[in-house]
Amino acid sequence: MTEHRERNSAPHEAALLLPWYLNGALSEEERRTVDLHLAECEACRRELGEVQVLRGGLREAYEHAEAPSANLRRAVMTRLAGRAARATLLERIAGSARELLQPKWAPSLLVLLLVAQFGALTWLLLPHAAQPITRGLGPAHLRLHIVFRPSAPESSVQQALRDLGARIVDGPDSAGGWIIELSGAVPAPQLARRLRELQEPSGNVERVEPIP
Amino acid sequence: MAAVAGGDRGCFERLYALYERRVLQYARSFLRDRATAEEVVIDTMLSVWESASRFQGTARVSTWIFGIARHKALDAARRVARSADIVPLDEAGAVPAAEPGPEVLAGQVVTGRLVQAALECLSPEQREILWLAFYEDLPYSEIASLLGIPVNTVKTRVFYAKQKLQGVLMRPTPMERVS
């Protein structure tokens, strides 16, 4: 054992560098410093001898340590091949995606998008053939100018209007007539018969004529 | 490394041949189980293949590869230590293996077999640093960078690991104690 351990003191700086002094990993300056120290320190010279022997023993131990299994290399290369295959597949997918987004495709893609957008807008804005055109006014109604007899009671007038499916839209005018509008709910033959009845002498209507 | 980074399988196979045994030995500093250490070799070398382009060339290739191996081995050691039926690594270092015989070191040959047995009495940390300094011949600055410790700590850790190994090698065998 060296004096470092016998005295239980801190090792010399040179002693700490001896492993690298032996393997040639010291700088020129460090090597010179160790050389100078070894020339005057017997403990460190002894330490150097010990380190040298130990180094030889360690290297022999490591050289003769168990070898890797015969199939270790094969295991690494098999896994490597598997990963390489996966990587190739991913690379191919990425390549296709890049190809699709190449600048040469971009203008065509843009034009296609614009055309599609224009088509969609046109379809939304233009009237569709299948749908009926509607206006703000409803279906045309038949209007009549009707003059009730002055003796006709109000309830009879109202009943007559209900029978005709009509409502008063204007009147009375200077002749005492009213303009009524027929809803069209009463079928035409029934309407014609009812109008005739109302104009009979016993009826409540003096006269009735359509408004063109 | 540039060829490996470029996906040259042939170059990788040559690199693998250079490092297979060394990475296994390094992993064995931390792991007593050979199969687990071999898994570390596989994981390490696959990482080398996949991340070769990130090797910047500021350190030796060996330092870079051992850096990867160290992370893998420490992860594996932690997994092993979590298993209840396996002796944790830190304790494993304290369990004496076969007792080596006495050796008067200066001027004598210390056989590899004896050293191998003596190494089992060291902690994983001590086995690791002796491997890096005495077998891989890494400069202390690169060991410091690999282990993430100051260079002075590298120097003293190597010194005391070596002292401990010498101490184990000088223990008398049971037969000598009887006589």
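Let's start in chain A, where Pro172(A) sits in the loop between strand S2 (166–170) and strand S3 (177–182). Strands here are DSSP runs (E, at least two residues), helices are runs of H or I with at least four, and both are numbered from the N terminus. A cis peptide bond, with omega about -5°, links Gly171(A) to Pro172(A).

This is a predicted model, in which local features need pLDDT of at least 70 and side-chain atom pairs count only at pLDDT 80 or more, while totals for chains, interfaces and linings use all residues. Residues are numbered from 1 along each chain as its sequence is written, chains are lettered from A and ligands numbered from 1 in the order in which they are written, and side-chain values use heavy atoms, leaving out hydrogens and water.

Now look across to chain B. Helix H4 (residues 42–63) of chain A and helix H9 (residues 151–169) of chain B have axes (lines fitted to C-alpha atoms over the stretch in contact) that come within 11 Å and cross at roughly 75°. H4(A) and H9(B) are therefore roughly perpendicular, a word used for angles of 65 to 115 degrees.

Finally, find Asp137(B) in the loop between helix H7 (124–135) and H8 of chain B. Asp137(B) has a positive phi of about 55° although it is not a glycine. Its relative accessible area is 18%, so Asp137(B) is buried (under 20%, with a 1.4 Å probe and protein chains only).

Key
Axes fitted to C-alpha atoms, helices over the stretch in contact; angles between N-to-C directions. Parallel < 35°, antiparallel > 145°, perpendicular 65-115°, else oblique. Buried < 20%, exposed > 50% of the residue type's maximum accessible area, 1.4 Å probe, protein only.
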